[in-house]
Amino acid sequence: MLKLYNFLSRKLEDFNPINPPNVGLYTCGPTTYDFVHIGNLRTFIFEDVLQRVLEANGYKVKRGMNITDIDDKIIKGAKEKNLPIDEFSAPFERAFFQDLEKLNIKSADVYPKATEHIGHMIRFIEELIKKDLAYAEKDGSVYFDISKFPNYGKLSGLDNRILKHGTRVLADEYSKDDVQDFALWKATEADEVGYDSPWGFGRPGWHIECSVMSQENLGETFDIHGGGVDLIFPHHENEIAQSEGKTGKKFVNYFVEAEHLLVNNQKMAKSAGNFFTLRDIEEKGFDPLAFRYLVLTAHYRDKLNFTWESLTGAQNALNNLREIIRDFDEPKIGCAQYEQDFMEAVNNDLNMPQALAVMWDMFKSDYPSSAKAKTLLEMDKVLGLKLDEYLGKKVEVPAEVQRLVDQREQTRRSGDFKKSDGLRKKIKKLGFEIEDTPVGPRFKRG
Ligand code: AMP
Ligand code: ZN
């Protein structure tokens, strides 16, 4: 039974979908004003693992992920570059999809774009005004009246006492202290980027996008909504207010929120300037999948401090893994116990560090390598490390090299490290590098 930590109840809950075996999953996507950083990618990897775990449990997942292609930062960037907003964001959107592919993140079923849903957003806001949950100001901006929605704060645990009545916030992002009416529609000048609406020229607020695009694709009530913890307030809180305000129904049954990637123990963020992109780590010679492995070594509800040492460790682990499985035989019947232990770990709120430990334990077991191969392929459906590309791809070793390797292993075991190191150098001259792994010496590929 899959258990997920639901932010609505702040408890670990059994996962029960509305309409099994179907599961509706919505995750907040990127704002395409720059390249996404590896902090964003940590969250996207977590969401991919969530989808894979659901599928490993037999569910059929329909996944939506929005692209925020209109927002203050995009408009500012486009203005600076003197480009229309779609031309300005196109390269960042392309790079985003390339990153997903490099990290073996499965495609969502739909990637709705904000700019393609303006009409729907206007109709949604009209409904809220009709229900007296929103009001238009003279300047043409429309705000959600949080005092009219009694459940405001139920996700983020805000205390009602700090609600500020009669004040408004126009910006999309604001602090936890700014618990105020928030903008659904922002009036803009005629020469700015905007659209005609019943309230005048303007553009939608960020929060309304996700309410509209998630419900349109997954229905008024759906199973899981995901994102990073920074989105709990105000973004997800406001999505709930808008959606439940409009429909009178529960918006989402499970909110799952992932912890941040840190650098020097601070949140990785574009605004802080302390970020790396996937390109940065590739330029340093790392495989993007090493970053995926690194992400799997931490539980998604724990912060993960990024260091180049930890990425090197992840790259080494991935290399070891690839070398070990090169020698595996054709997959046959798997190791049932390890498959079960692996599923138990992933079903316990996606405990991936535990799941990786089960995988490494399996290698040390006495099962034949054909059984390990079969189980590994099953595990990799969740891990997503593309291990099938290495499985059984034996390195052809000339007899001379093999003789030196055996000799080196003997001298190493007898403790004569000087001699064994000399043999390693000899082997290297013949074009083969040796690496000592938990399951013995392996050839290393450059
Ligand atoms: P944004 O483009 O800022 O809306 O972020 C896209 C996704 O990345 C959201 O789900 C954020 O919660 C998430 N995110 C932003 N910064 C980080 C970080 N340092 N670590 C992990 N996830 C992050
Ligand atoms: Zn969102």
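**Exercise 1.** Which helix and which strand each supply at least two residues of the shell around ligand 1?

*Solution.* The model is predicted; local features need pLDDT of at least 70, side-chain atom pairs count only at pLDDT 80 or more, and totals for chains, interfaces and linings use all residues. Residues are numbered from 1 along each chain as its sequence is written, chains are lettered from A and ligands numbered from 1 in the order in which they are written, and side-chain values use heavy atoms, with hydrogens and water left out.

Step 1. The elements are α1 (38-56) and β10 (222-228), where helices (H or I, at least four residues) and strands (E, at least two) are DSSP runs numbered from the N terminus.

Step 2. With 4 residues, α1 gives the most to this shell.

**Exercise 2.** Name the protein donors of the zinc ion (ligand 2).

*Solution.* Step 1. Donors are N, O and S atoms within 2.8 Å of the metal (3.2 Å for Na, K and Ca); water is not among the atoms, so sites may look incomplete.

Step 1. Cys-28 (SG), Cys-210 (SG) and His-235 (NE2) lie 2.0 to 2.2 Å from the zinc ion.

Step 2. Cys-210 belongs to helix α5 (residues 206-218) and His-235 to helix α6 (residues 232-247), 25 residues apart.
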